[in-house]
Structure formats: structure tokens, C-alpha cells
Amino acid sequence: MRFYRDIEEKLNIATDSQITRSRVISLEARYYMWNVIAKETDCEIIVDLPCGYLPNCLKTARLKKKYYGLDLPIVADEISSIAFKHIANSEKHLVQYHGVDATNYASMRTALKDVQGKICIITDGLLGYFNRYDLKAVCKNIHHLLREFGGCWYTSDSQFTELMAITYAVLTGGNKNDILEANNAGVNRLANTDNSDHVFIAGTLEERRHFLEECGFSIKSFRYSDKLNSIPSLRDNPALMERIISAYQEIEEWILTAEGTKSAEKQELELPFSQDLSLKDNVLSIRICGRLDTITAPKLLQKYEEKRANIHLQK
Ligand SMILES: C[S@@+](CC[C@H](N)C(=O)[O-])C[C@H]1O[C@@H](n2cnc3c(N)ncnc32)[C@H](O)[C@@H]1O
């Protein structure tokens with residue numbers, strides 16, 4: 001959470017250490033919740049989307065659950081080579097990493113090709129990256145995977161700014177809504193973007209619920225503090241830990257499934273990617289079908305590189 005001095009002064013609350021502390025505590029709560037969801041679910045297969053560089057596979061190995069770490073190819077490759085150095089030989093068979101693009105259904109389906117049984121997909125830190133069109137594609141892809149394999153989806157992305165703001169309000173005595181507003185203004189200014197129509201960043205709980213229902217999900221609610229009963233770094237300050245956990249009671253979280261959904265919209269998936277490049281009379285014609293993304297764009301570039309030697313650029 002990064003504010004600007006003028007916003008901070010308006011709120012009259014911020015010090016750098018309070019900002020850092022609230023950020024660390026809420027991040028810790030999210031990681032703790034990741035563990036709780038992975039442990040509590042009756043699914044034996046945990047899909048960490050996106051896995052980033054976290055050592056989550058070590059935690060699921062302890063639970064004797066199968067772990068699929070999915071992220072963009074460059075990240076999946078890097079973390080995989082590091083992670084396998086730390087996993088006990090007897091647990092290596094439980095862990096897989098795959099390069100995917102969450103907007104690309106085929107890449108995720110391929111990653112899960114040998115899965116048998118229900119999957120629990122856990123998403124921490126992804127949905128904020130997408131515009132509305134891609135966000136819908138990602139949610140529909142996840143819905144489609146759940147329809148096929150069964151299981152559930154939990155994402156902390158629904159409420160993570162609220163989690164930070166509540167933590168911050170408890171630490172400083174500030175007002176949660178002022179803090180949320182200041183955070184959004186700070187993020188927009190920092191990135192020079194306008195997130196005001198991003199349902200997971202600026203939308204209300206009801207707007208997010210509606211969006212997810214439109215994507216076909218059934219929603220079961222729980223309260224954050226129903227599942228979170230400890231913040232380990234605050235063990236030496238139990239009174240503060242209790243105040244924070246009890247403030248989290250106001251956060252509504254969701255477990256999403258594809259069971260018994262009305263799914264108003266048909267599950268339309270992108271057409272498989274295909275490309276056709278031809279060079280005639282020094283004119284390069286390119287026809288593509290499907291989505292250009294981090295998985296498919298390199299394929300197009302590779303084909304272009306093959307043709308390039310025969311293209312004569314005119315001055
Ligand atoms: C904020 S990190 C979260 C990672 C991890 N869950 C964590 O909590 O540290 C965001 C991750 O999303 C991945 N990412 C971004 N766009 C993606 C996409 N289209 N498909 C899959 N992963 C993506 C990034 O590579 C990055 O590792």
C-alpha cells in the first residue's frame with residue numbers, strides 16, 4: 001500500500017513503518033489463508049495459479065497433496081529449477097510446474113492433462129492484471145476446468161485491498177474507507193492508470209459477486225476470521241493479533257464452484273490458435289486464428305523469423 005504525501009497528510013495517519021507493517025501483516029494473513037484453504041479442501045490436488053516464486057509446494061507436500069504450480073513460462077521454469085532442489089526425493093512425484101497463460105485455456109488444460117480427481121485452484125495476486133475482457137476469459141477458463149475436474153476455486157484477490165485497509169485502520173485508528181480511497185488514488189497515480197472500472201479493484205462486493213455469477217460460478221461465503229486464527233508474527237502481541245483477527249470478521253470471502261450453476265452464458269472458449277504465414281512477391285501475409293498471448297505470440301515470432309531472411313525491405 002503506497003500513499004502520496006498529500007494523501008497521507010489528508011488522512012493524518014501514515015508513517016512509513018505503519019504502512020510497511022500493515023502490508024506485511026495482511027500479506028502474512030493471505031499466505032496463512034492459502035495454507036488453510038489447501039489443508040481444508042477435500043481436493044487432493046492443489047493448483048497454485050499463479051505460483052510466482054513462493055515455496056507453496058513444500059507446504060502441500062507436507063499435506064501429501066499433489067501440487068501444480070502454474071505461472072507464465074519464464075516464472076514456472078525458474079521456480080521449478082529452484083524448488084526441486086529443496087523437495088525431498090520421496091515427495092518429488094507430488095510436484096509439477098507448468099508454464100501457462102491464464103487467459104489461454106489450452107495452456108492450462110495441457111498443464112493439467114494427467115490430473116485425475118477434483119482440483120482446488122488457489123489464486124493469490126492475479127486478477128488485478130487484466131482488463132475486463134481478459135478477466136472474463138480467465139474466470140471462464142477456471143470455471144471450465146472446474147466443470148471438467150470438479151473441485152473449487154478460492155481467490156484472495158477479491159478482498160485483498162480491504163484486508164490491507166482494515167489492518168491499517170486497526171494499527172493507526174484510521175477510517176477503513178478513507179484508506180481504501182487513498183490506496184486506489186495512490187495506485188492509479190503511481191501506475192498512471194485508471195482502474196475505476198476494474199471490478200476486482202474498484203468494484204463493490206455485490207458487483208464482484210454479480211460478475212462471478214455471470215461467469216457461471218456458485219458462491220459459498222465465509223468470514224475471513226472464521227478460518228484465520230493466528231498471525232504468527234504477532235504471537236508476541238496477542239492483544240493486537242486478536243484485534244486484527246476480530247476486525248477481519250467483516251471481510252466476506254468466497255469458495256467458488258461450478259456445481260449446479262445456471263451459467264446463463266454458454267461456455268465459449270477461444271478457438272485453438274493457428275497461424276499461416278506466406279510470402280509471395282515480397283509480400284508477407286499472416287493469418288491467425290485464436291488468441292495472441294504469452295504462449296502463442298512467440299510461435300508467431302518464430303515463424304516470422306524463419307521467413308524474414310527471404311524478405312527484402314525496400315528503401
Ligand atoms: C503478484 S504475483 C503473485 C504470485 C504468488 N501467488 C504470490 O503470492 O507471490 C503475480 C504473478 O502472476 C503471474 N502472471 C501475470 N500474468 C499472468 C498470466 N496471464 N497467466 C499466468 N500468470 C500470470 C506473474 O508472472 C507473477 O508471478
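1. Start with the shell around the ligand. Its residues divide into eight nonpolar, three polar and three charged. Keep in mind that this is a predicted model.

2. How many residues surround the ligand? There are 14. The closest are Pro50, Gly52, Ala102, Asp124 and Gly125. Find these five names in the structure before you go on.

3. Now step back to the protein chain. Its secondary structure comes to twelve helices and nine strands. Along the principal axes, the C-alpha atoms fill a box of roughly 75 × 50 × 45 Å.

4. How much of the protein chain counts as buried? The figure is 32% of its 315 residues.

5. Look next at contacts in the protein chain. Take those between residues at least 6 apart in sequence. Of these contacts, 67% join residues at least 24 apart.

6. Where does Ile288 sit? It belongs to strand 9, which covers residues 283-289.

7. Why does Ile288 count as partly exposed? Ile288 has 15 C-beta neighbours inside 10 Å. A buried residue needs 20 or more, and an exposed one has 12 or fewer. The count for Ile288 lies in between, so the residue is partly exposed.

8. Which residues does Ile288 touch, once its neighbours within four places in sequence are left aside? Ile288 is in contact with Gln275 and Leu300.

9. Finally, compare positions in sequence and in space. Ile288 and Ser156 are 132 residues apart in sequence. From C-alpha to C-alpha, Ile288 and Ser156 are 35 Å apart in space.

Terms used. Residues are numbered from 1 along each chain as its sequence is written. This is a predicted model: local features need pLDDT of at least 70, side-chain atom pairs count only at pLDDT 80 or more; totals for chains, interfaces and linings use all residues. A residue is near a molecule or strand if its C-beta atom, placed from the backbone, lies within 6 Å of it. Ala, Val, Leu, Ile, Met, Phe, Trp, Tyr, Cys and Pro count as nonpolar, Asp, Glu, Lys and Arg as charged, and the others, Gly among them, as polar. Helices (H or I, at least four residues) and strands (E, at least two) are DSSP runs, numbered from the N terminus. Two residues are in contact if their C-beta atoms, placed from the backbone, lie within 7 Å.
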